[in-house]
Amino acid sequence: MPYTRSGETTIHYEVTGNPLKPWLVLSNSLGTDIGFWDDQVGVLESDFRILRYDTRGHGGSGAPEGDYTFEQLGGDVLAVMDAAGADTARFCGLSMGGTTGLWLAINAPQRFEQLVLCNTGAKIGDASVWQPRIDAVKSDGIAPIVEGVVERWFTEGFRQAEPKTVDRIRAMILRTSPAGYAGCCAALRDTDLRAGMQAIRLPTLVVAGAHDPATPPALSEEIRAAIPGSRMVTLPAAHLSNIEARAEFNDAVSDFLKG
Ligand SMILES: O=C(O)CC1=CCC(=O)O1
């Protein structure tokens, strides 16, 4: 599994899929790693050359101490694209991954062809949301916050219907470095891309979860309204629509990206 340097840290990435097809970058949410996209890769890999990576602070990537910024998180994507030889790519990100996509579309639009922005926002929460989480994780680690996260990420019905899936994601969250998690929370706390996203001119699909308490459909609608020509689809899911509504998600995303 390859790694590349980005700034002061190392980013882990993986390339799979069809080398004759366009590049597709997948960017995960807070508290997850590249396994986050396992339900999508099988569906997309015949039509795309897929570049998955672990966001800094997560999975096999480095987790430096301190606050991160979206300039760093977006720079990490450009570093893995350079390392993999992807001059341009389509981009799909969920939650923090979607905010990373907005940052890239504003700051490096020439590197991207299409955007899929899922369960995300140009500004997700504020200091009153993120600072207590940063403080808790720094003092007591990830375990005390994990059940609250899982409750926001999946509806109660899904948690009952697919306990093994929920256990897999819970284990992923628990494996996350507290320093890395806190660093990414600081990036979310400090970022507001609402003014900048008005300039985005890339073809864009916005995906919302009808029951998402973390990034409610109103945040998705704000993105749709700001990006000319963008389309929005609302799926029957809480925050992780790529897992809770995997069939509908895969249909909507692959139709858009292949269109
Ligand atoms: O963890 C949450 O509550 C929701 C979330 C916000 C950004 C992200 O990636 O997940």
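This is a predicted model: local features need pLDDT of at least 70, side-chain atom pairs count only at pLDDT 80 or more; totals for chains, interfaces and linings use all residues.
A polar contact is a pair of N or O atoms within 3.5 Å.

An oxygen atom of the ligand lies 3.0 Å from a polar backbone atom of Met96. Side chains also take part: a polar side-chain atom of Ser95 is 2.7 Å from a ligand oxygen atom, and a polar side-chain atom of Arg152 is likewise found 2.7 Å from an oxygen atom of the ligand. Taken alone, the ligand exposes 290 Å², of which the protein buries 98%.

The space that the ligand takes is the largest pocket. Around the ligand stand Ser29, Leu30, Ser95, Met96, Trp130, Arg133, Arg152, Trp153, Leu188, Ala214 and His239. Sorted by class, this shell comprises six nonpolar, three polar and two charged residues. As for secondary structure, at least two residues of the shell come from helix H4 (127–140), and at least two from helix H5 (143–153).

Attention may now turn to another residue, Ser61, which belongs to the loop between strand S4 (49–53) and helix H2 (70–84). Is Ser61 buried or exposed? Ser61 counts as buried because its relative accessibility is 8%, and the cut-off for that class is under 20%. The side chain of Ser61 also makes a contact of its own, reaching the backbone nitrogen of His12 at 2.9 Å.

Conventions
Residues are numbered from 1 along each chain as its sequence is written. Side-chain values use heavy atoms; hydrogens and water are left out. A residue is near a molecule or strand if one of its heavy atoms lies within 4 Å of it. A polar contact is a pair of N or O atoms within 3.5 Å; within protein, one must be able to donate a hydrogen and the other to accept it, and residues adjacent in sequence count only if both atoms are side-chain atoms. Accessible areas come from the Shrake-Rupley method with a 1.4 Å probe; for residues, only the protein chains shown count as cover. On a 1 Å grid over the protein atoms alone, a cavity is a set of points where a 1.4 Å probe fits but cannot get out, and a pocket is an open set with protein on both sides within 12 Å along at least five of seven lines; lining residues have an atom within 4 Å of a point. A molecule sits in a cavity or pocket if more than half of its atoms lie within 2 Å of its grid points. Helices (H or I, at least four residues) and strands (E, at least two) are DSSP runs, numbered from the N terminus. Ala, Val, Leu, Ile, Met, Phe, Trp, Tyr, Cys and Pro count as nonpolar, Asp, Glu, Lys and Arg as charged, and the others, Gly among them, as polar. Buried means under 20% relative accessible area, exposed over 50%, partly exposed in between (1.4 Å probe, protein chains only).
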